[in-house]
Structures are given as structure tokens and as C-alpha cells.
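Okay, thanks for coming, everyone.

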Amino acid sequence: MKSVEQLMTAAKDCSQAGRLAQAEALYRAVLEKNPQHGEALHMLGVLTYQCGQPERAVELISRAIASANDNADYRLNLGIVQHSIGRLQEAETCCRQALILRPDYAEAHYNLGVVLDGQGRLEAAAASYRRALELRPAFAEAHYNLGVLLDKQDRWDEAIASFRRALEIRP
């Protein structure tokens with residue numbers, strides 16, 4: 001019989017290889033042994049989201065947060081799922097909670113920018129993208145999204161510079 005650690009390793013390997021059904025079965029096997037296993041709940045939630053079940057993903061990732069309240073990754077991924085189903089305020093809260101736990105989390109600043117942009121809060125979104133870029137200068141998606149945002153504001157020279165930088169990083 002495999003240990004929880006062995007099952008988790010196998011599940012992550014399957015997930016990375018695109019064998020999602022096998023990964024799901026392995027995460028469920030972990031949860032049979034330990035129903036409050038935070039990482040298994042989180043990863044199963046992410047997998048469930050990838051398979052087009054965002055409401056179920058919210059439930060699973062929320063349970064993961066309840067079992068490991070200090071995990072910024074769990075909160076960020078919950079925010080991404082909430083954003084995907086149009087719950088922008090909840091998504092913003094999740095991103096901000098992730099940033100409380102890890103202030104230098106470039107992906108959380110980026111995703112907060114996405115949410116704020118979706119709310120029409122362009123200056124705040126630009127500040128979030130810029131903070132993500134301070135933390136991770138080679139973050140192509142942040143350069144691109146900042147360019148889109150600057151274009152919306154008719155700041156074309158700055159937008160072009162952002163798009164060029166994104167293309168330099170990821171041609």
C-alpha cells in the first residue's frame with residue numbers, strides 16, 4: 001500500500017503529464033486516507049477547474065484553505081476560479097489575501113491586476129501589473145496586459161513599449 005506522500009507524488013506526475021483521470025483518482029485516494037489533506041484538496045480543485053467544473057473547484061479549494069489557512073497559492077487559485085465565473089469581488093478578496101500572506105507574490109499582483117481591470121479600475125490595475133513587473137521583470141503576460149490597459153487609456157507609446165517587451169520575452 002502506498003503512502004500519502006507516494007500517492008501525492010504520483011498524482012502530481014500524472015497531472016503534469018496530462019493524465020488527469022489518473023491524477024484525480026490518486027488525489028481521491030489521498031483524501032480517502034486523509035479527508036483534510038490540504039494539498040490534495042487544492043490540487044483536486046485545480047484539476048476540477050481545468051476539467052470545466054469551476055463551482056466544484058471553489059468548494060474543493062475552499063476546503064483546502066480551511067485546512068491550511070496560511071497558503072497563498074490556495075488563495076490565489078481560488079481567486080482565479082472566482083474570476084473565471086464572474087465573481088470579481090470574491091476574486092479580488094482572494095488575491096489580496098494571497099498578498100497579505102506573501103507580499104512579493106508576482107502572480108498574485110498580476111491576477112489582482114486582471115480582476116481590477118475587469119472591474120474597470122484601470123489605474124489600480126496598472127499599479128498591480130507594474131508591481132508584478134517589479135518583482136518579475138520577465139513576466140511577459142504582465143507586460144502584455146499592461147500594454148492592453150495602456151492602449152485603453154490612449155497611452156499608445158507606453159502601450160507599444162509594453163507590447164514590445166512582451167514580445168522580446170516571449171516571441
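Setting aside residues up to four places away in sequence, isoleucine 61 touches Leu41, His42, Gly45, Val46, Tyr74, Asn77, Leu78 and Val81. One thing to keep in mind as we go: this is a predicted model.

So where does that residue belong? Ile61 is among the residues with the most contacts inside the largest nonpolar core, and so are Met8, Leu26, Tyr27, Val30, Ala40 and Leu78. That core has 28 residues.

On the α2 side, the contact is made by Leu20, Ala23, Glu24, Tyr27, Arg28, Val30 and Leu31, and on the α3 side by Ala40, Leu41, Met43, Leu44, Leu47 and Gln50. If you sort the α2 and α3 contact by class, you find ten nonpolar residues, one polar and two charged.

Helix α5 covers residues 72-84 and helix α6 covers residues 88-101; their axes come within 8 Å and cross at roughly 165 degrees. That angle makes α5 roughly antiparallel to α6. α5 passes α6 in a left-handed crossing. Who meets whom here? From α5 it's Ala72, Arg75, Leu76, Leu78, Gly79, Gln82 and His83, and they meet Leu88, Glu90, Ala91, Cys94, Cys95, Gln97, Ala98 and Leu101 of α6. The class count for α5 with α6 is nine nonpolar, four polar and two charged residues.

Is leucine 76 buried or exposed? Its relative accessible area is 3%, so leucine 76 is buried. Skipping neighbours within four places in sequence, leucine 76 is in contact with Cys95, Ala98, Tyr105, Glu107, Ala108 and Asn111. For a sense of distance, take leucine 76 and glutamate 39: they sit 37 residues apart in sequence, and 14 Å apart in space from C-alpha to C-alpha.

The next pair is α6 with helix α7, which is residues 106-118. These two axes come within 9 Å and cross at roughly 155 degrees. α6 and α7 are therefore roughly antiparallel to each other, and their crossing is left-handed. Leu88, Ala91, Glu92, Cys95, Arg96, Ala98 and Leu99 of α6 meet Ala108, His109, Asn111, Leu112, Val115, Leu116 and Gly118 of α7. By class, the α6 and α7 contact has nine nonpolar, three polar and two charged residues.

Last stop, a backbone detail. Find the loop between α9 (140-152) and α10 (156-169), and you'll see aspartate 154 there. Aspartate 154 isn't a glycine, yet it has a positive phi of about 60 degrees.

That's my tour. Happy to go back to any of the views.

Methods. Residues are numbered from 1 along each chain as its sequence is written. This is a predicted model: local features need pLDDT of at least 70, side-chain atom pairs count only at pLDDT 80 or more; totals for chains, interfaces and linings use all residues. Side-chain values use heavy atoms; hydrogens and water are left out. Axes are lines fitted to C-alpha atoms, for helices over the stretch in contact, and angles run from 0 to 180 degrees between N-to-C directions. Helices (H or I, at least four residues) and strands (E, at least two) are DSSP runs, numbered from the N terminus. Angles under 35 degrees count as roughly parallel, over 145 as roughly antiparallel, 65 to 115 as roughly perpendicular and the rest as oblique. A crossing is left-handed if the near helix is turned anticlockwise from the far one by less than a right angle, and right-handed if clockwise. Contact means heavy atoms within 4.5 Å. Ala, Val, Leu, Ile, Met, Phe, Trp, Tyr, Cys and Pro count as nonpolar, Asp, Glu, Lys and Arg as charged, and the others, Gly among them, as polar. A nonpolar core is a set of buried Ala, Val, Leu, Ile, Met, Phe, Trp, Tyr and Cys residues joined through side-chain atoms within 4.5 Å. Buried means under 20% relative accessible area, exposed over 50%, partly exposed in between (1.4 Å probe, protein chains only).
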